[in-house]
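Hi,

Here is the structure I promised to pass on. Have a look first, and then read my notes below.

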Amino acid sequence: MADSKQVEAKAERTAARLAKRIGAFSKEHGGAEGQVAYIGERGARIVLVGEDGGWGDLVAPSVDIARKAVEKAGITAHETFDGEFAAKVRTGPYEWTRMAGIQVGGPSNG
């Protein structure tokens, strides 16, 4: 079994890799904000929204690692994904087609 120093070092490396990806997203989209959400055994989802309305997400192995990555990347972190933050997301035809297909019982073929 790995000792606690090894586990901490691995968590730091994971957070650093995620922070690098968050930073790249932020640079590509003129800045970014994020929100960390627990997704069960899988870990935590980091939802990113760029200043241009582009969005994406990453999955971290834990909420702590996700929060550490967001902090290292230096972006604003929101507690929830609602209101003014959610309004910044810009969706295109692809997303609307997918959402419509899901609402009527299956994926869209368009």
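One definition before the rest: the expected span of a helix is 1.5 Å times one less than its number of residues. Keep in mind, too, that this is a predicted model.

Let's start with helix α1, which covers residues 4–28. After α1 comes Gly-30, which has a positive phi, near 70 degrees.

Which residues of α1 are buried? They are Thr-14, Ala-15, Leu-18, Ala-19, Ile-22, Phe-25 and Ser-26. An α-helix has 3.6 residues a turn, so residues three or four places apart point the same way.

Thr-14 sits in helix α1 and has 13% relative accessibility; the cut-off for buried is under 20%, so Thr-14 counts as buried. Leaving aside residues up to four places away in sequence, Thr-14 touches Pro-61 and Ile-65.

Now the sheet. Four strands make an open sheet in the order β3-β2-β1-β4, and the pairing is mixed. At the edges are β3 and β4 (76–78), each of which pairs on one side only. On average, neighbouring strands here are turned by 25 degrees against each other, ignoring direction. If you zoom in on β1 and β4, you'll find a parallel pairing over three bridges. Gln-35 stands opposite His-78, a residue of β4.

How do the helices lie on these strands? α1 lies across β1, β2 and β3, and runs at about 180 degrees to β3. α2 lies across β1, β2, β3 and β4, with a direction at about 170 degrees to β1.

Last, the aromatic rings: the count comes to one aromatic pair. The rings of Phe-81 and Phe-85 have centres 5.1 Å apart and planes at 75 degrees; edge-to-face needs over 60 degrees, so that is what this pair is. Are the two partners buried or exposed? Phe-85 has 3% relative accessibility and therefore counts as buried, whereas Phe-81, at 36%, counts as partly exposed.

Happy browsing!

Definitions and conventions. Residues numbered from 1 in each chain as written. Predicted model: local features only at pLDDT ≥ 70, side-chain atom pairs only at ≥ 80, totals over all residues. Heavy atoms only, no water. Helix = DSSP H or I, 4+ residues; strand = E, 2+ residues; numbered from the N terminus. Buried < 20%, exposed > 50% of the residue type's maximum accessible area, 1.4 Å probe, protein only. Contact = heavy atoms within 4.5 Å. Pairing = 2+ DSSP bridges. Axes fitted to C-alpha atoms, helices over the stretch in contact; angles between N-to-C directions. Phe/Tyr/Trp six-rings, centres within 6.5 Å; stacked < 30°, edge-to-face > 60°.
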